[in-house]
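Colleague: Could you take me through this model, one point at a time?

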Amino acid sequence: MKTAVVYFSLFGANEKIASKLSEELRGKIHRIQEIKQRKKGFALYFTGGFQAIFGISSKIKDMDFKIDDYDSLILEGPLWGGLPCPALNAFVEKTDFTGKKVGIFLTTTGGNAVVALKKLSDKIEQRGGNCLVADYYNVFKLSSEKMLDKTREYAEHFKKSIKNIRGTK
Ligand SMILES: Cc1cc2nc3c(=O)[nH]c(=O)nc-3n(C[C@H](O)[C@H](O)[C@H](O)COP(=O)(O)O)c2cc1C
């Protein structure tokens, strides 16, 4: 079972999580990068939040990633404006997930990500993917160590879900 960990991170939390997930799942990491670099000031919360709320995708760089090289993937990144950030939207819109087992993982600073997870999983399933596990974490609440523990739990859950699917074949 070959797994990819595909992530977007602006402030670094998702980068750490991606690294832990790839270690746990022996997966290869692929970073989503926006073409236009965002300035990390006050205005970011208006522009980025606005784009996320209206489901707008940002322009992302071409990636050295071929989904056909993998059986499963985890997509992770931050919650912006209560919804998936524009770079995650862009990745999903340009990817055909047909036949792939997908895990979704979002980070927040206290917001509820249930609606965002549902929107993302609906989009992925419309594009042929099978979303197995979706979860989110508050990066403010959890210390780095706890965040890595939660990440390990998530990876275990993902592995078990894949095994359960195989078991029903
Ligand atoms: C434009 C913008 C909007 C955000 N909106 C929310 C939000 O609605 N709810 C929330 O809990 N956190 C929000 N955040 C905080 C992000 O979720 C947080 O920065 C992210 O989880 C950290 O991940 P990263 O370090 O990988 O970038 C927002 C951050 C940005 C930059």
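**A strand residue, a helix and the ligand shell**

Modeller: Leu-106 is buried, with 25 other C-beta atoms within 10 Å, where buried means 20 or more such atoms, placed from the backbone, within 10 Å of its own. The model is predicted, so local features need pLDDT of at least 70, side-chain atom pairs count only at pLDDT 80 or more, and totals for chains, interfaces and linings use all residues. Residues are numbered from 1 along each chain as its sequence is written.

Colleague: In which strand does Leu-106 lie?

Modeller: Strands are DSSP runs of E with at least two residues, and helices are runs of H or I with at least four, both numbered from the N terminus. By that assignment, Leu-106 lies in strand S5.

Colleague: How do the buried residues of H1 fall when seen down its axis?

Modeller: The buried residues of H1 are Ala-13, Asn-14, Ile-17, Ala-18, Leu-21 and Leu-25. Taking the directions from the helix axis to the C-beta atoms, these residues of H1 fall within an arc of 125°, so they line one face of the helix.

Colleague: Which element gives the most to the shell around the ligand?

Modeller: Of the 21 residues around the ligand, Ser-9, Phe-11, Asn-14, Gly-48 and Gly-111 come nearest, a residue being counted as near if its C-beta atom, placed from the backbone, lies within 6 Å. Helix H1 (13-25), helix H2 (43-53), strand S3 (72-80) and strand S5 (101-108) are the elements that give two or more residues to this shell. With four residues, the element that gives the most is H2.

Terms used. Buried ≥ 20, exposed ≤ 12 C-beta atoms within 10 Å, placed from the backbone.
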